[in-house]
Amino acid sequence: MVDMISSRGNDDATAVSVLGPFYIEGAPFIKNGGDLIRDNAGQQTLVKGCISSTTGEPVSGALLDVWQNAKNGKYSNEDPDQDDDNLRARLNADDDGTYSFSTIRPSPYTVPEDGPAGVMLEAMGRHPWRPAHIHFKISAEGYQDLITEIYPDDDEYIDADAVFGVRESLAVAFKPTTSEEEARQYGLQSSVPDSGVRFPSAPPLAPA
Ligand SMILES: [Fe+2]
């Protein structure tokens, strides 16, 4: 609710969503087009889009800070089996605002149920699940920061997020690729079980 109130008046910008408790400052830089998959299991996924202003101009060199969980539903800072930097990176968009990176499809996960939040969820008859998502913090000189998330629109919890982070405009299709060339360019396997490469058609992310 605080996020929604504080972003009022930015109707032409991409919707905001929650920062969440798993963000870590200072993620390593990768090149635009770089790889977050490394040795992670999961559906190989290419994320790409364009950072533009609310009036449609590309935001040259915008800084993207991205983070997500692994196939087991855990973020690196709650899982001793993951490197601290696993599935976290910063990258700069190109001069024309475009960016891309390869990763794995994120997993749904539960918020902690062992404290007051768990008691409250139970009292309200709500489950503790969040739909899968990739977090973004996007910044550029002269623009307000944008903190948001994108969600696969076919996630089973898309309509019942425990923390109410989903906005309709942030639910995007993760599509199997039809481009062998693109899969080759990003070094993606197109024959992993249960999928193939999936391309989210990300909405333009527009800092206001
Ligand atoms: Fe999250």
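Modeller: L87 is buried, since 25 other C-beta atoms lie within 10 Å; a residue is called buried at 20 or more other C-beta atoms within 10 Å of its own, exposed at 12 or fewer, and partly exposed in between, with C-beta atoms placed from the backbone. This is a predicted model, in which local features need pLDDT of at least 70, side-chain atom pairs count only at pLDDT 80 or more, and totals for chains, interfaces and linings use all residues. Residues are numbered from 1 along each chain as its sequence is written.

L87 sits in the loop between strand 2 and strand 3 (88–92); strands (E, at least two residues) and helices (H or I, at least four) are DSSP runs numbered from the N terminus. Its phi is positive, near 60 degrees, although L87 is not a glycine. R38 is another non-glycine residue with a positive phi, of about 40 degrees. R38 lies in the loop between helix 1 (2–6) and strand 1, and counts as exposed because it has 12 C-beta neighbours inside 10 Å. Helix 2 itself (residues 116–123) has 0 buried residues among its 8.

The largest nonpolar core has 31 residues; such a core is a set of buried Ala, Val, Leu, Ile, Met, Phe, Trp, Tyr and Cys residues joined through C-beta atoms within 7 Å. I51, A62, L64, V66, A93 and I138 touch the most other members. At least two core residues come from each of strand 1 (44–50), strand 2 (63–67), strand 4 (98–104), strand 7 (134–139) and strand 8 (146–152).
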